[in-house]
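Good morning, and thank you for coming. Please take a moment with the structure on the screen before I go through the details.

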Amino acid sequence: MVKTGELKKIVSKWKDKEGNLIMVFHEIQNRYGYVPRDVSMKLSEMLDVPLARIYEVLTFYNYFDLKPPGKHTISICMGTACYLKGANELLKKFRDLLNVSEGETTQDGLFKLNVVRCLGCCGLAPVVTIDEDVYGKVQKEDIPDILAKYAVKEKNA
Amino acid sequence: MKNKKIKAKIAGIEVNVKEGTTILEAAKTVHIGIPTLCKHADLPPTAGCGICVVKIKGSPKMLRACCTPLENGMDIITQDPELVEVRRTILELILSNHPNDCLKCGRNNNCELQTLAGDFGIREDSFEKLLRNLPEDKSTKTIELIPQKCILCGRCTNVCQQIQDVWALSFLERGFYTRISATGDIELAESPCIKCGQCSAHCPTGAIFEYDETQKVWDALMDPDRFCVVQIAPAVRVGIGEEFGYPPGTNLTHKLYAMLKRIGFRGVFDTSFAADVTIMEEATEFKRKFEKDKKNLPLITSCCPAWVDFMEKYYPDMIEHFSSCKSPHQILGVLSKTYYAEKNGIDPSKIFMVSIMPCTSKKYEITRSSEMSSSGYPDIDVVLTTRELGRMIKQADIRFKHLPGEDPDNILGEYTGAGVIFGTTGGVMEAALRTAYKMITGEKLKDLEIKKVRGLKGIKEATLDIKGTKVKAAIAHGMGNVGTVLEKIREAKKAKKETPYHFIEVMACPGGCVGGGGQPYGVNNELRQKRAAGLYSDDRGHKVRCSHDNPYVKELYKKFLGKPLSEKAEKLLHNKYKKRPVYKR
């Protein structure tokens with residue numbers, strides 16, 4: 001939960017500066033990994049900016065996320081080499097297994113599914129990374145096992 | 001420097017205009033046409049579509065006429081084969097992500113994009129169709145958002161944000177994915193939307209459209225068990241003609257009565273009659289406060305449901321100043337199911353009351369609180385906008401031209417000049433002052449026409465001398481103007497000073513109901529003025545021009561209600577307000 005006092009601090013820092021809306025939301029994004037709706041509503045009042053304008057800005061820039069990030073970020077490489085080696089099939093499999101589209105987080109908040117351009121290790125194509133772990137030459141049959149590792153870790157934690 | 005003149009040429013014709021005039025405006029002064037799509041007369045240019053491109057002689061660059069100020073010595077080319085070609089390409093690009101389902105679209109035959117496509121002879125999809133698969137928002141049951149048909153002209157967001165100051169609509173995302181949405185990506189019904197419908201009246205395509213309920217009315221008319229009755233609002237009579245080629249402002253009252261009877265309604269009433277009743281109630285409320293409870297002034301009018309919604313969301317501290325009177329069409333509805341039903345021996349449960357309104361918000365109003373069914377039956381069963389009525393008339397194919405005029409059912413139909421001017425900004429105030437003056441002084445107001453409350457100025461002020469007390473009235477229309485007036489009240493209250501106004505009239509739509517969100521398309525100030533002029537001339541043509549002199553209103557009070565603000569009147573004709581959240585989510 002974001003505390004009102006914390007918002008007040010951020011707002012007072014930027015309130016009288018031009019272009020403050022973006023700066024305030026940058027701080028929110030950096031701190032929480034996304035911009036929660038109730039924060040937008042509070043800031044709308046504090047900055048006297050209509051919520052409509054705030055959402056125009058938040059959805060215009062890719063930098064801002066409106067949904068909480070997943071615990072683990074899955075990045076599927078769609079660079080040329082990975083694409084040719086069937087990354088598309090992998091994406092499909094991930095989508096089916098997790099029941100989300102790219103850019104979305106699973107219902108349980110465990111995984112966020114991302115598509116990225118070249119990760120710079122084309123020799124391992126197709127490549128998938130989960131957080132800092134790199135998986136090379138991934139076959140779609142491997143995916144359930146890979147996901148299970150994180151799910152089990154979560155259970156034991 | 002300020003009044004510097006610009007001398008230039010447009011299509012070879014010399015023009016002399018004020019500095020800052022755009023090429024498009026300057027072209028109009030010499031009757032040179034430039035095609036436009038996103039530009040609307042009410043709104044600043046957004047330069048969204050590019051159809052209005054023109055050239056300057058000697059320069060290869062193309063400029064958008066809507067947003068480029070004319071400069072000295074410019075020689076503007078408004079049309080040549082290259083411009084036609086470019087404009088056609090722009091149109092083809094817009095059409096490349098617009099669905100081709102014109103036949104099934106609400107704006108079929110009345111769409112600015114379709115008209116341009118017709119004019120430019122578009123016969124094929126020149127670019128690959130890329131449609132955005134976007135969900136529709138029908139949550140308000142008043143106005144529907146169909147974002148796939150949106151061409152991103154920006155009229156609706158502009159009118160909603162700048163003119164109405166509601167901020168219920170905005171663009172989200174960018175580039176190809178840009179889409180129109182309710183504020184913060186929620187449903188419109190959960191947003192600050194006040195259902196005024198100005199977005200739908202300004203949309204050039206079918207992307208924002210009234211919730212069409214004509215079929216419900218046809219079904220009821222077909223049901224032998226239903227006793228269908230209808231009422232027409234003041235502004236409808238001077239708007240509907242535009243759908244059938246009459247000059248704007250033509251008053252079709254009596255032809256409309258005849259039309260509605262032909263369509264199959266068994267009782268035809270006039271909301272203007274109920275406006276007279278509203279005045280009796282509201283003027284009595286004003287008299288009470290004025291004589292005994294001046295501290296509690298101002299009294300604020302409550303006829304406009306979009307305004308009521310706005311007040312409940314943004315100015316709940318004003319609730320105590322609000323007239324508790326229902327709006328005229330609700331009053332007529334409840335009277336049809338009580339007074340009229342009793343008098344004619346009709347079972348009120350069988351009565352099906354249709355309101356023809358210039359307004360989309362009235363569709364929302366009929367279920368906004370339990371008092372909207374104070375007789376035990378809903379006051380109103382269905383609300384149709386002027387545009388929907390236009391479609392029903394076309395479906396029935398009855399022609400106004402050869403239709404002899406008829407009279408309404410008098411007991412809820414006969415109205416005064418005061419009742420009919422309710423349809424324009426200032427009208428409610430003028431009607432109320434005519435009667436309040438009489439109620440307070442016992443004398444007739446000498447000059448019934450209170451010119452200061454008329455016209456299209458956003459905020460109007462007038463002072464009327466009642467028994468030596470100067471009654472200060474304010475009139476605001478266009479939601480964006482209301483804040484200025486109400487902030488003055490708030491400030492005076494805070495400082496414990498005397499109220500700057502005693503009586504305030506508010507109508508959400510610019511121009512009042514004549515410019516309502518459910519009126520025929522193409523509205524601008526010239527049209528608003530002509531429609532209002534139609535109502536004022538109706539007023540002048542009436543022998544009886546004050547609500548309290550309406551013989552049928554007198555009879556209603558004598559035989560049914562007792563007197564204004566009687567217990568019965570309070571129960572049937574009044575309602576309460578409550579604070580509502582601006583966002584439901």
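I begin with a definition: on a 1 Å grid over the protein atoms alone, a cavity is a set of points where a 1.4 Å probe fits but cannot get out, and its lining residues have an atom within 4 Å of a point. Grid points are joined across faces, edges and corners, and a volume is the space filled by probe spheres set on the points.

This is a predicted model, in which local features need pLDDT of at least 70, side-chain atom pairs count only at pLDDT 80 or more, and totals for chains, interfaces and linings use all residues. Residues are numbered from 1 along each chain as its sequence is written, chains are lettered from A and ligands numbered from 1 in the order in which they are written, and side-chain values use heavy atoms, with hydrogens and water left out.

Across the whole structure, the search finds seven cavities of 30 Å³ or more.

The largest cavity holds about 310 Å³ of space. Of its 27 lining residues, Cys303(B), Cys304(B), Lys362(B), Phe422(B) and Cys513(B) are the closest to the centre. Which element gives the largest share of that lining? It is β17(B), with three residues. Helices (H or I, at least four residues) and strands (E, at least two) are DSSP runs, numbered from the N terminus.

I turn to a hairpin in chain B. Strands β7 (residues 169–172) and β8 (residues 179–182) of chain B pair in the antiparallel sense over four bridges, where pairing requires that DSSP find at least two bridges between the strands. Phe171(B) has Ile180(B) as its bridge partner in β8(B). Six residues lie between the two strands, and in this hairpin Glu173(B) takes a positive phi near 60°.

Finally, the interface. Eleven residues of chain A are in contact, meaning heavy atoms within 4.5 Å, with 15 residues of chain B.

Definitions and conventions: 1 Å grid on protein atoms, 1.4 Å probe; cavity = no way out; pocket = protein on both sides within 12 Å on 5 of 7 lines; lining within 4 Å.
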